Amino acid sequence: RALRAQRDEVAAACAAALHAKLDEVARELEPVLDEHKQQLAERIEKSAKAQLVGVEEQQYARLRSALDFGARDVDRDQLRHVLVDRAANEIGGKARDMLNSVAHIATDYLFEKISDELAEAALELRARDEGTAGGAALAFSTRVSTTAADTAGAVATTAAANGSDGDDAAATRS
């Protein structure tokens, strides 16, 4: 459970940081879009003046006013919605996959270490059985019970981190 809680805490912090950064990007995009809208209006006005030589200057002023005030702006709320909500969900999914892989590697490592300890304990038992059968069996039985409980905990942690039940994690280990 501790591993899963740590992963969830980091995932929540990551999601909050993504939302904040994407909101910042949305605010930075607003002037960029406005600048390009103005740039296009200026080009259109310049092109019209070059091609329509006989038109009075006040007609160009009306054209410019129409372009400045009549053209639609990008809806700032919609821009933020697209960047912050939609992109954060997509990027957040990728971040969750990344964090799950970290947790998965950690649980695999811990499971391997516990398995190694079990194998070592089995070798000790065999060595002791050759010497004294009764005392070694009791010592091994105690050690295996403790290690088995640790292994079950690691399998449960792996299962919780991967969103499955313990049977799936145990089956993949055997």
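**Helices, burial and salt bridges**

Modeller: Let's start with helix 1. Its 50 residues should span 74 Å at 1.5 Å a residue, and its end C-alpha atoms lie 73 Å apart, which agrees. Bear in mind that this is a predicted model.

Biologist: What is the overall pattern along the sequence?

Modeller: It reads α-α-α-α-α. The protein has five helices and zero strands.

Biologist: How many residues in the protein, and what share is buried?

Modeller: There are 174 residues, and buried ones make up 22% of them. The protein exposes about 11900 Å², with carbon and sulfur atoms supplying 57% of that.

Biologist: And what about contacts between residues at least 6 apart in sequence?

Modeller: Of those, 66% join residues at least 24 apart.

Biologist: Back to helix 1. Which residues are buried there?

Modeller: L3, R7, L18, L22, A26, E30, A41, E45 and A48.

Biologist: R7 is on that list. What does its side chain meet in a salt bridge?

Modeller: D8, at 3.1 Å from N to O. R7 counts as buried because its relative accessibility is 13%, under the 20% cut-off. D8 is partly exposed, at 36%.

Biologist: How many salt bridges are there in total?

Modeller: The count comes to 14.

Biologist: Let's switch to R64. Where is it found?

Modeller: R64 is in helix 2.

Biologist: Is R64 buried or exposed?

Modeller: Buried, with a relative accessible area of 16%.

Biologist: Which residues does R64 contact, leaving aside neighbours within four places in sequence?

Modeller: Q38, A41, E42 and E45. Two of those names come up on the buried list for helix 1, A41 and E45. The side chains of R64 and E45 also make a polar contact, at 3.1 Å.

Biologist: How far apart are R64 and I44?

Modeller: They are 20 residues apart in sequence and 8.9 Å apart in space, C-alpha to C-alpha.

Biologist: What about E42 and R64, how do their side chains meet?

Modeller: In a salt bridge, 3.8 Å from N to O. That pair links distant parts of the chain: E42 sits in helix 1 (residues 2-51) and R64 in helix 2 (residues 57-70), 22 residues apart. E42 is partly exposed, at 45% relative accessibility.

Biologist: What about R64 and D68, how close do their N and O atoms come?

Modeller: The closest N and O atoms are 3.1 Å apart, and the two residues form a salt bridge. R64 and D68 are four residues apart in helix 2, so about one helical turn separates them. D68 is partly exposed, at 25%.

Biologist: Why does the four-place spacing matter in a helix?

Modeller: An α-helix has 3.6 residues a turn, so residues three or four places apart point the same way.

Biologist: Which residues do salt bridges with shared partners join into one network?

Modeller: D23, R27, E30, D34, R76 and R80.

Biologist: New topic, helix 3. How many residues has it, and how far does it reach?

Modeller: Helix 3 (residues 76-131) has 56 residues. From first C-alpha to last it reaches 81 Å, close to the 82 Å expected at 1.5 Å a residue.

Biologist: Where is the kink in helix 3 centred?

Modeller: On A88, and the kink is about 35 degrees.

Biologist: And what happens at the start of helix 3?

Modeller: A side-chain oxygen of D75 reaches to within 2.9 Å of the backbone nitrogen of D77.

How values were computed:
Residues numbered from 1 in each chain as written. Predicted model: local features only at pLDDT ≥ 70, side-chain atom pairs only at ≥ 80, totals over all residues. Heavy atoms only, no water. Salt bridge = Lys/Arg side-chain N within 4 Å of Asp/Glu carboxyl O. Buried < 20%, exposed > 50% of the residue type's maximum accessible area, 1.4 Å probe, protein only. Helix = DSSP H or I, 4+ residues; strand = E, 2+ residues; numbered from the N terminus. Expected span 1.5 Å × (residues − 1). Bend = angle between axes of the 7 residues up to and from the residue. Polar contact = N/O pair within 3.5 Å; in protein donor to acceptor, adjacent residues only side chain to side chain. Contact = heavy atoms within 4.5 Å. Areas by Shrake-Rupley, 256 points an atom, 1.4 Å probe, with all protein chains shown as cover.
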